[in-house]
Amino acid sequence: MTTMESLIGLVNRIQRACTVLGDYGGGTGDNAFNSLWEALPTVAVVGGQSSGKSSVLESIVGRDFLPRGSGIVTRRPLVLQLHKTEEGTEEYAEFLHLPKRKFIDFALVRKEIQDETDRITGKSKQISPVPIHLSIFSPNVVNLTLVDLPGLTKVAVEGQPESIVEDIESMVRTYVDKPNCIILAISPANQDIATSDAIKLAKEVDPTGERTFGVLTKLDLMDKGTNALEVLEGRSYRLQHPWVGIVNRSQADINRNADMMLARRKEREYFDTSPDYGHLASKMGSEYLAKLLSKHLESVIRSRIPSILSLINKSIEELERELDRLGRPVAVDAGAQLYTILEMCRAFDKIFKEHLDGGRPGGDRIYGVFDNQLPAALKKLPFDRHLSLQSVKRIVSEADGYQPHLIAPEQGYRRLIEGALGYFRGPAEASVDAVHFVLKELVRKSIAETEELKRFPSLQVELAAAANTSLEKFREESKKSVIRLVEMESAYLTAEFFRKLPQEMERSAVVANSKNNQTASSPSPATQDLYGDGHFRRIASNVSAYVGMVSDTLRNTIPKACVYCQVRQAKHALLNYFYSQISKREGKQLGLLLDEDPALMGRRVECAQRLELYKKARDEIDAVAWVR
């Protein structure tokens, strides 16, 4: 195989692989991969209805395989990829929509094209832009990618929408407008070239004629005494590339399924023996057209190699990044699966700790619980109601029982303090719950931010459940601790605090008044004050001061208990419960945790295939591109 055949064959294989992998399919697929297809040159076959497009394609292929009939026959674009094989190998065809079926009988190829067209458009004269992809492997072809497009028309016939003329032209333009598209403009020789639909459109999209190859068909059907030399020699309408004349099979040959190889020989004989075209015989015919296109393709490909390689390298980088994001395929071995799970757990745990320690946002909300929520809750406690004058009188009186206190109502003090300290349970438990909520939210965020876990929804659910179970356990321990702190304050009051209160003055005044009035028949004002409002207000004030001291203490110790029992434990033992559960599971159960989304698995396989394709293409282009 020549270097030219190698280079064109390589591009053809890339186009085919792009098609098989879904990189191009009439507007579907990834933009980067569509760009690769569009960067590779293709040949679009353009012509009016009944201009002989089908015959030209069949002559290039050397096989009778296209549907025929009157009116509009090609109703969907046919992307035809020709792959040259070794001499003596069997010819066969493959459709993209039937990837596992080889067609050796080309009559069945024709039928499948018709059936596949009908599957989209129905048995009508409607058209569709969705292409049919057909690959033909044969030793009798050159490496080419051709796109057979619906024939241009001027009027809508019965069964077609009024917009059919614009619809067909718009579809054709989507292909020929691309700068890498080579236009094969088919015009019948028995019509005036000035009325050629193909030439008119080609002139609009390619005014310089650099991408256009003119093909003149039906030379043998011209009126006697006339010829097409004005066109073929470029005098009637000049293009950058030479015009090529084609002699199609006659209708009688088509009807009796005349051999295409025989038709090629008859075409050569026609030009060799023609008095009008004999001097152009070496540059006429379908075989010459195929070689001309192939040679031009090589020139175009060589000029585009730098941009093609740049696009391939860009695609390789994008695919490698995506594969890194998607992760490696899951192992089937239980030990490897366990290792994979533990690696993801470590990644999650690292992110979780970063949230707590300040590397990521969220951990500061725990400090907000201690610095804002807890002090605010302590200030809102109903001590004013509990230590109101009426409440103090009631509690002290109830504590005294049938015999009033003589000096200081110690039991009253204790009941007032114990009642007040009981209110601290609420803020203490609320602080624990608030920290618990923050930790749960950080678990959720950390799971969402762990890229490795995104592949495995079942593992995410299991990990979240196990982590929340651990957090629940930490919360219970923390609640016990903070309640114990409150209860410790109630269990043993700080006597030193009350010793510092100015009660000695009160006691001295009471004793002195008692001695002075031992013989009096009525109580003194001091004795009356022992049970007066001022006395109870002093009790309330003293209790309030003590409760304030305890509040300051708990404001400092409750955060310590929460951090020790919840935050610290979450940092060091959040996944211990998960690890204990996962260690008991067998291979099949581990596999259930690693049940990837089927779409994600398919995407990884697809990306790996594309990556292999592009790397191979890059290596092959480097190997043959600059060989002359």
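Q: What is the bend at a residue?
A: The bend is the angle between two axes, one fitted to the seven residues ending at that residue and one to the seven starting there.

Q: Which residue is the kink in α21 centred on?
A: Val563, with a kink of about 35 degrees. Helices here are DSSP runs of H or I with at least four residues, strands are runs of E with at least two, and both are numbered from the N terminus.

Q: What kind of model is this, and how are residues numbered?
A: The model is predicted, so local features need pLDDT of at least 70 and side-chain atom pairs 80 or more, while totals for chains, interfaces and linings use all residues. Residues count from 1 along each chain as its sequence is written, and side-chain values use heavy atoms, without hydrogens and water.

Q: Back to α21, how many residues has it?
A: Helix α21 covers residues 533–573, which is 41 residues. From first C-alpha to last it reaches 56 Å, close to the expected 60 Å; the expected span is 1.5 Å times one less than the number of residues.

Q: Now strands. Which way do β2 and β5 run, parallel or antiparallel?
A: Parallel, joined by seven bridges; strands pair if DSSP finds at least two bridges between them. Leu82 has Ile136 in β5 as its bridge partner.

Q: And how many bridges link β3 and β5?
A: Four, in the antiparallel sense. Glu94 stands opposite Ser135 there.

Q: Is β5 (residues 132–138) mostly covered or uncovered?
A: Mostly covered: seven of its seven residues are buried, meaning under 20% relative accessible area with a 1.4 Å probe, protein chains only. One face has Ile132, Leu134, Ile136 and Ser138, and the other has His133, Ser135 and Phe137.

Definitions and conventions
Buried < 20%, exposed > 50% of the residue type's maximum accessible area, 1.4 Å probe, protein only.
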